Amino acid sequence: MNPKSHTLFHFTKSADVLKLIMKNGFWPRYCLEDVEWLGYDGFDFIAYPMVCFCDIPLSRAQEHVKFYGEYGIGLTKEWAESNKITPILYVSSNNNLKKTFRKIVDNTYYISDDDKKEKAKQNVRYLLAHSKPTEGNMVVAGSVVAKEFYQESEWRYVPENAIIKDYLKKTEFDDDNILKSNNELTFQSSIIKFTPKDVKYIFVKSDSDIPEIINFIQAELDGFPNADIKVLMSRVTSLESIQRDL
């Protein structure tokens, strides 16, 4: 069994969200991330704009699917790399890398030139947006839950654009109006597209979901060549039908 898949997967809990992804592409949104591992007092969560994927082999994806959702799409790694999607860096709790991150963060405050200081902070935030503790906490439906992140084999897209913020503080994230307005900016500037040729799998929860997705592909994605649409429809399968292989 391969330890990694040759395909990147993105799972969601809703067929409607899957349809939006197929029609519009991936929309980076601000997500709370555990930054308590850095060791700053009162600094537990921060929100970065992102889209997350994994390269877990389907043979061991059952727990991942159960947690994140039973609708998903799998795309080629070639597509991922061409869109600046990359594996994240996992940092263990007692690793010297944690201290190095602290030094980099702290050193930005000693830069006297304001423009250079802000650029240095942006660079640090971009690094931290691609970093995660091997184990930590995440917020699910308003509750904090413990998670073993390293098992997720995560790849991540974090947009860089002048009109969007590098991050949101937790207080900003918790304000629905602030969160909505900032997510709208990422929608305007940072959607990542794909074509049917980039798609290897389309997953739905059960066999009964398949006709709905096929009809959606035929009706809403008819701007692509007919041959590509036929191949895309052949990619649709249900987790129900392959459950014994997961």
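## Ser 153

Is Ser 153 buried or exposed? In this predicted model, Ser 153 is buried, with a relative accessible area of 6%. That value counts as buried because the cut-off is under 20%.

Where does Ser 153 sit? Its place is the loop that runs between strand 9 (143-147) and strand 10 (154-157). Ser 153 is not a glycine, yet its phi is positive, near 50°. Most residues other than glycine have a negative phi.

## Lys 84

Lys 84 also has a positive phi, about 65°, although it is not a glycine. Look for Lys 84 in the loop between helix 3 (77-82) and strand 5 (86-87).

Is Lys 84 buried or exposed? Lys 84 is exposed, and its relative accessible area is 65%.

## Pro 28

Now turn to Pro 28. This residue lies in the loop that joins helix 1 (15-24) and strand 2 (29-34). Pro 28 is buried, with a relative accessible area of 0%.

Which residues does Pro 28 touch, leaving out those up to four places away in sequence? The list includes Pro 49, Met 50 and Val 51. Tyr 157, Pro 159 and Asn 183 are also among them.

Arg 60 gives a distance to check in the structure. Pro 28 and Arg 60 are 32 residues apart along the chain. Their C-alpha atoms are separated by 26 Å.

Definitions and conventions
Residues numbered from 1 in each chain as written. Predicted model: local features only at pLDDT ≥ 70, side-chain atom pairs only at ≥ 80, totals over all residues. Heavy atoms only, no water. Helix = DSSP H or I, 4+ residues; strand = E, 2+ residues; numbered from the N terminus. Buried < 20%, exposed > 50% of the residue type's maximum accessible area, 1.4 Å probe, protein only. Contact = heavy atoms within 4.5 Å.
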